[in-house]
Amino acid sequence: MLYANGRYWGTDVEIAKALGSDVNPATVRRWHDRKGLTKIHGRYPLDQAAQIEANTRKSKRGRPRQVDFHPALV
């Protein structure tokens, strides 16, 4: 993880690991393609990815999601 401009940035693998077992690198890349997750030089902002993950988890569509994310662990 890289801290720049007041945000944590990570690769798809790092973001997936930080957000928990329900998220994998392909999911992070799909969020970029489908939900507008910002990507700069191959890195994604953790806070934006966490917000997308939370919205997805709260959605009634798809299978129920686990809650593994804890911001203090990042």
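Trainee: What is the order of the strands in the open sheet, and which kind of pairing do they have?

Mentor: Keep in mind that this is a predicted model. The open sheet has 3 strands, ordered E1-E2-E3, and their pairing is antiparallel. E1 and E3 stand at the edges with a single partner strand each, so one side of each has no neighbour in the sheet. Now look at E2 with E3: they pair in the antiparallel sense over 2 bridges. Find Trp9 and you'll see that its bridge partner in E3 is Pro45. Helix H1 packs on this sheet, where it touches E2 and E3, and the direction of H1 makes about 120° with that of E2.

Let's step back to the loop between strand E1 (2-4) and strand E2 (7-10), which is where Asn5 sits. Asn5 isn't a glycine, yet its phi is positive, near 55°. Asn5 is also exposed, with a relative accessible area of 78%. You can find a second case in the loop between H2 and strand E3 (44-45), where His41 is placed. The phi of His41 is near 50°, again a positive value in a residue other than glycine. His41 counts as exposed too, at 80% relative accessibility.

Next, the helices. Two packed helices are described by the angle between their axes and the distance between those axes. Here, helix H1 (residues 12-19) and helix H2 (residues 25-35) have axes that come within 8 Å and cross at roughly 110°. That's why H1 is called roughly perpendicular to H2. On the H1 side, the residues that meet H2 are Asp12, Val13, Ile15, Ala16 and Leu19, and on the H2 side they are Pro25, Val28, Arg29 and Trp31. Sort that contact by class and you get 7 nonpolar residues, 2 charged ones and no polar ones.

The buried residues of H3 are Leu46, Ala49, Ala50, Ile52, Glu53 and Ala54. As for what lies against them, the buried residues of H3 pack against E2, H1, H2 and E3.

How values were computed:
Residues numbered from 1 in each chain as written. Predicted model: local features only at pLDDT ≥ 70, side-chain atom pairs only at ≥ 80, totals over all residues. Heavy atoms only, no water. Axes fitted to C-alpha atoms, helices over the stretch in contact; angles between N-to-C directions. Helix = DSSP H or I, 4+ residues; strand = E, 2+ residues; numbered from the N terminus. Parallel < 35°, antiparallel > 145°, perpendicular 65-115°, else oblique. Contact = heavy atoms within 4.5 Å. Nonpolar A, V, L, I, M, F, W, Y, C, P; charged D, E, K, R; others polar. Buried < 20%, exposed > 50% of the residue type's maximum accessible area, 1.4 Å probe, protein only. Pairing = 2+ DSSP bridges.
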